Amino acid sequence: MEFEHQSVLLPECMEGLHISPGGIYVDGTAGGAGHSRAIAQRLGPKGRLLALDQDPDAVAVARERLGGFPQAKVCHTNFARIKDVLREEQIPGIDGILLDLGVSSHQLDTPERGFSYQGDAPLDMRMSQEGFSAKDLVNTWEPEEISRILREYGEERYAWAIAKAIVRQREKGVIATTGQLAEIVCAAIPAKAARSEHKHPARRTFQAIRIAVNGELEALQTALDDAFDCLNPGGRFVVLTFHSLEDRMVKQKFAGLAKGCTCPPDCPVCICGNKPKCVLIGKKPVVASGEEQAANPRSRSAKLRIAEKL
């Protein structure tokens, strides 16, 4: 199976993990195994790597590409289940975890997966390839709920107009393809606004529906809480985001852990007793170099944040 994926900020991620040859690491989003292979290559015979992914295509490819590394094990699961996975593997703590969030190049570039607004394919968007799909969402959800996710997850200013257009169209017949949905969105946005877009007018709608279908933000919140608890002292949490909603969640979580004290700002002395639980590695997120952005346009929106558990 072809699963092409250029790992974004690969050297920076490896540096951020600060890999010890005998350590235990988790790649929560194995994808094409680019980051996983780089981790495995740095491990000695006593080191361990758990590579997780909910996409069965990614799991098959990761198992093939990590086949030469006995330290590595690929698990077909969502990274939100990290505590369960570690319990099943009888691992009490880990020395680092990497999350490379968002949709993979393979998922975007495989038309039948239904993630892309380019072309016409079945409306799917399920990373796990099972359960509730984008087709189910656009054909069954109330317009208020569709508008909400477009506004909150896609930051779409014409959310209500698009939601109403979707409902009107589905009354005439089932919305079954990505091409249909893209046409509906483009027709619902004022022509002047659509022309001023630097990117496809349906981009934000597709992003929002994909996030909702896969429960991406809920899974991230769970992982941010649980994975940090699983880190050994000195362990690194490395998160690569590609849109502002994810980055804001990571930034706020890390900042709260680094601050510790939750007393009101006007409180003269700390009375809560909460101590900082991590230190931030770098005050600002790491971004791709100009050379990497030119070679891989999908790296342009990437932000890398790193925290070390105290």
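Me: Which residues touch the most other members in the largest nonpolar core?
Reply: This is a predicted model, and its largest nonpolar core has 64 residues. Ile94, Ile97, Leu99, Leu181, Ile209 and Phe237 are the ones that touch the most other members.

Me: Which helix gives the largest share of this core?
Reply: Helix α12, residues 216-230, with eight residues.

Me: Back to Ile97. What does Ile97 touch?
Reply: Leaving out residues up to four places away in sequence, Ile97 touches Leu17, Val26, Ile82, Ala227, Leu231, Arg236, Phe237 and Val238. One of these, Val26, also stands opposite Ile97 in β4.

Me: What about a second core, which residues does that include?
Reply: The second core is separate and has 28 residues. Among them are Met14, Ile39, Phe69 and Leu98.

Me: Zooming out, how many helices and strands are there?
Reply: The protein has 14 helices and seven strands.

Me: In what order do the strands sit in the sheet?
Reply: The order is β3-β2-β1-β4-β5-β7-β6, in an open sheet of seven strands with mixed pairing. At the edges are β3 (72-76) and β6 (278-280), each of which pairs on one side only. Direction ignored, neighbouring strands are turned by 15° against each other on average.

Me: What does pairing go through, in general?
Reply: Strands of a sheet pair through backbone hydrogen bonds, and the sense is either parallel or antiparallel.

Me: And β4 with β5, in which sense do they pair, parallel or antiparallel?
Reply: Parallel, over six bridges, with β4 covering residues 94-100 and β5 covering residues 231-241. Leu99 has Val239 in β5 as its bridge partner, and Asp100 stands opposite Leu240 in β5.

Me: How many bridges are there between β1 and β4?
Reply: Three, and that pairing is parallel.

Me: Is β4 largely enclosed or exposed, and why?
Reply: β4 is largely enclosed by the rest of the structure, because six of its seven residues are buried.

Me: Which strands does helix α1 lie across?
Reply: Helix α1, residues 10-17, lies across β1 (24-27), β4, β5 and β7 (303-309). Its direction is at about 160° to β5.

Me: And helix α3, where does that pack?
Reply: Helix α3 (residues 56-65) packs on the sheet and touches β2 (48-53) and β3. The direction of α3 makes about 165° with that of β3.

Me: I clicked on Leu10. Where is the place of Leu10?
Reply: Leu10 is in helix α1. It counts as partly exposed, because its relative accessibility is 28%.

Me: What is Leu10 in contact with?
Reply: Setting aside neighbours within four places in sequence, Leu10 is in contact with Gly34, His35 and Ala38. Leu10 and Gly34 are 24 residues apart in sequence, and their C-alpha atoms are 8.0 Å apart.

Me: Buried or exposed?
Reply: Buried: the relative accessible area of Thr177 is 18%, and the cut-off for buried is under 20%. With neighbours within four places in sequence left aside, the contacts of Thr177 are Asp120, Ala121, Pro122 and Leu123.

Me: And Ala288, which loop has that one?
Reply: Ala288 is in the loop between β6 and α14 (290-295). Ala288 is buried, at a relative accessible area of 5%. Beyond residues up to four places away in sequence, Ala288 touches Leu9, Gln293 and Ser299.

Me: Last topic, the whole protein. What does the C-alpha trace span?
Reply: About 60 × 60 × 40 Å along the principal axes.

Me: How much of the protein do buried residues make up?
Reply: 52% of the 310 residues. The accessible surface comes to about 15000 Å², and 51% of that belongs to carbon and sulfur atoms.

Me: And what share of contacts comes from residues 24 or more positions apart?
Reply: 68% of the contacts with a separation of 6 or more.

Notes. Residues numbered from 1 in each chain as written. Predicted model: local features only at pLDDT ≥ 70, side-chain atom pairs only at ≥ 80, totals over all residues. Heavy atoms only, no water. Pairing = 2+ DSSP bridges. Helix = DSSP H or I, 4+ residues; strand = E, 2+ residues; numbered from the N terminus. Axes fitted to C-alpha atoms, helices over the stretch in contact; angles between N-to-C directions. Contact = heavy atoms within 4.5 Å. Core = buried A, V, L, I, M, F, W, Y, C linked by side-chain atoms within 4.5 Å. Buried < 20%, exposed > 50% of the residue type's maximum accessible area, 1.4 Å probe, protein only. Areas by Shrake-Rupley, 256 points an atom, 1.4 Å probe, with all protein chains shown as cover.
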